[in-house]
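Here is a briefing for a reader meeting this structure for the first time. Look at the sequence and the model, then read the points by topic.

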Amino acid sequence: MSQAEIIVVTHKKYAMPKSKIYLPLQVGAKNSKLDFGYKKDSTGKNISEKNPAFCELTGLYWLWQNSNADFKGLVHYRRHLTMKAGYIPNKNRLKFALSNTELNLILKNYDLILPKKRHYYIESLWSHYEHTLHIGPLIKTGEIVKEKYPEFYPEFEKLKTRRSAHMFNILIAKSELFDEYASWLFDILFELEQKMGQISEDPFHARFYGRISELLFDVWLYTKYPNLKYKELRVLNIEKINWLKKGISFILAKFIGKKYDKSF
């Protein structure tokens, strides 16, 4: 049976899945005095100090560099993958997170597991980013992709018309795929870091590296492996989402240019 290691990235003490496939990982640990008893992204080869800007990617980097598992994956403390269809009760939602048995059944037929795509029905991925965040880093990313990986640039340009994407940096992949993607991704992001640095003193907008990576994943996947058979699973939100506040913020961003100031 293949070995899988799925990190649950977190910056606080939180309820975690019981299955042995999950490894709680405290991200940003290098600059934190807190200790939750979890594995820390400041161990081994790491970029833990970049967490304020790179978000969960310090966990992805840690897993890439320090795990020898056959399958590697990343989920969030408040976002998991689930096989459950239909209504999921608010109480004890964590018990519906993907189990070891379910994972092994999927991996018999797939090399990659992703969250179901998020759809933006009235605008493109590019325009949504431009309305809600500062577009400069994304423009610079395109320049880097065009220069370093020109074969990927046509797919990057499709961000301007595409209206759906696999988001959250959530994935479970065969080790070879995971490592290949991570190598490509961080080569681009470290170049972006050299060119951009931290463009905002606002902690929310300084985290653009993590957000841009969400858009880059499909650029990599659709260019390198357009015919790869992958499994999409529902995202299990452990915490309630305030859809009214989210919707109002989206409308204000799109029509009067008010950028987001927090995550939802």
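**Briefing**

Leaving aside neighbours within four places in sequence, Thr-10 is in contact with Met-16, Leu-25, Gln-26, Val-27, Tyr-38 and Tyr-77; contact means heavy atoms within 4.5 Å. The model is predicted: local features need pLDDT of at least 70, side-chain atom pairs count only at pLDDT 80 or more, and totals for chains, interfaces and linings use all residues. Residues are numbered from 1 along each chain as its sequence is written, and side-chain values use heavy atoms, with hydrogens and water left out.

**Overall build**

- The protein chain has nine helices and 10 strands. Helices (H or I, at least four residues) and strands (E, at least two) are DSSP runs, numbered from the N terminus.
- Of the chain's 264 residues, 52% count as buried. Buried means under 20% relative accessible area, exposed over 50%, and partly exposed in between (1.4 Å probe, protein chains only).
- Take the contacts between residues at least 6 apart in sequence: 72% of them join residues at least 24 apart.

**Strands and their partners**

- Thr-10 belongs to strand β1, which covers residues 4-10. Thr-10 counts as buried because its relative accessibility is 1%.
- Strands β5 (residues 79-82) and β10 (residues 231-237) run antiparallel and are joined by four bridges. Two strands pair if DSSP finds at least two bridges between them.
- In this pairing, His-80 stands opposite Leu-236 of β10.
- Strand β6 (residues 112-115) runs parallel to β10, with three bridges between them. Here Ile-113 stands opposite Lys-231 of β10.

- The largest nonpolar core has 85 residues. Such a core is a set of buried Ala, Val, Leu, Ile, Met, Phe, Trp, Tyr and Cys residues joined through side-chain atoms within 4.5 Å.
- Leu-103, Phe-156, Trp-184, Phe-186 and Leu-216 have the most contacts inside this core.
- Leu-103 touches Ala-4, Ile-6, Ile-21, Leu-98, Ile-113 and Ile-172, not counting residues up to four places away in sequence.
- Helix α4 spans residues 125-132 and is mostly covered, with six of its eight residues buried. The buried ones are Leu-125, Trp-126, Ser-127, His-128, Tyr-129 and Thr-132.

**Two loop residues**

- Lys-50 sits in the loop between β3 (39-40) and α1 (51-54). It counts as buried because its relative accessibility is 19%.
- Beyond residues up to four places away in sequence, Lys-50 touches Cys-55, Thr-58, Phe-190 and Glu-193.
- Tyr-110 is found in the loop between α3 (100-107) and β6. At 19% relative accessibility, Tyr-110 is classed as buried.
- Tyr-110 is in contact with Phe-71, Lys-229, Tyr-230 and Lys-231, leaving aside neighbours within four places in sequence.
- Tyr-110 and Lys-174 are 64 residues apart in sequence, and their C-alpha atoms are 8.8 Å apart in space.

**Cavities**

- A search of the whole structure finds three cavities of 30 Å³ or more. On a 1 Å grid over the protein atoms alone, a cavity is a set of points where a 1.4 Å probe fits but cannot get out, and lining residues have an atom within 4 Å of a point.
- The largest cavity has a volume of about 60 Å³. Grid points are joined across faces, edges and corners, and a volume is the space filled by probe spheres set on the points.
- Residues lining the largest cavity include Leu-60, His-166, Tyr-181 and Glu-214.
- The lining divides into seven nonpolar, two polar and one charged. Ala, Val, Leu, Ile, Met, Phe, Trp, Tyr, Cys and Pro count as nonpolar, Asp, Glu, Lys and Arg as charged, and the others, Gly among them, as polar.

Conventions: 1 Å grid on protein atoms, 1.4 Å probe; cavity = no way out; pocket = protein on both sides within 12 Å on 5 of 7 lines; lining within 4 Å.
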